[in-house]
Amino acid sequence: MDWPGALDAGHHAVGGADSLLRSSPPAEPLSCHRQLTGYADAVAGGYERLAAALRDPKPRCEPPPADPGGWPTDLGLDMYRLSDLRVWLDRLAEDLAQVGDQRR
C-alpha cells in the first residue's frame, strides 16, 4: 500500500480547497459551471472509491477521471478562477492515478 501517496492525496485535496477558498471569494457561477461540477464530482467519486479500496483486503482501484476538455476560452478574468480550479482538480486526479498504480 502506498500510504505516503494516499496521505499526499488527502493533503492536496484539503490544502488546495483551503487555498482556493481563501484566494477566490464566492462569486457568480462560471458559465461552464455544469462541466466544472461534473469534473469535480468525478474526482470526488475517485476519492470515495479509493477510500473504499483502502478498507478492502483485496483492493481494486479504478483509473482516475479524465479531464473532460472543451473548456471555454472567452471568460475574461474568470479564466483565472477556472484555471486555478482545473489545476487543482488535475492534480487530485494525478494523485489518484499514482496511488492507484501502487495498488494494482
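Me: Hi! Which residues does Leu 82 touch, not counting residues up to four places away in sequence?
Reply: Leu 30, Cys 32, Leu 36, Trp 71, Pro 72 and Leu 75. Contact here means heavy atoms within 4.5 Å. Keep in mind that this is a predicted model, where local features need pLDDT of at least 70, side-chain atom pairs count only at pLDDT 80 or more, and totals for chains, interfaces and linings use all residues. Residues are numbered from 1 along each chain as its sequence is written, and side-chain values use heavy atoms, with hydrogens and water left out.

Me: Thanks. Is Leu 82 buried or exposed?
Reply: Leu 82 counts as buried because its relative accessibility is 1%. Buried means under 20% relative accessible area, exposed over 50%, and partly exposed in between (1.4 Å probe, protein chains only).

Me: And where is Leu 82 placed?
Reply: In helix 3. Helices are DSSP runs of H or I with at least four residues, strands are E runs of at least two, and both are numbered from the N terminus.

Me: How many residues lie between Leu 82 and Leu 36 in sequence terms, and what is the C-alpha distance?
Reply: They are 46 residues apart in sequence, with 8.4 Å from C-alpha to C-alpha.

Me: Which residues touch the most other members of the largest nonpolar core?
Reply: That core has 17 residues, and the ones touching the most other members are Cys 32, Leu 36, Tyr 39, Val 43, Tyr 47, Trp 71 and Leu 82. Helix 1 (3-23), helix 2 (33-55) and helix 3 (78-103) each give two or more residues to this core, and helix 3 gives the largest share, six residues. A nonpolar core is a set of buried Ala, Val, Leu, Ile, Met, Phe, Trp, Tyr and Cys residues joined through side-chain atoms within 4.5 Å.

Me: Switching to helix 1: which of its residues are buried?
Reply: Gly 5, Ala 6, Ala 9, Ala 13, Gly 16 and Leu 20. Seen down the axis, the buried residues of helix 1 fall within an arc of 110°, so they line one face of the helix. The arc is taken from the directions from the helix axis to the C-beta atoms. Pro 4, Leu 7, His 11, Val 14 and Arg 22 are exposed on the other side of helix 1.

Me: Last one, what about confidence?
Reply: The protein averages a pLDDT of 83, and 88% of the residues score at least 70. pLDDT is the predictor's confidence in each residue, from 0 to 100. Among the elements, helix 1 has the lowest mean (84) and helix 2 the highest (88).
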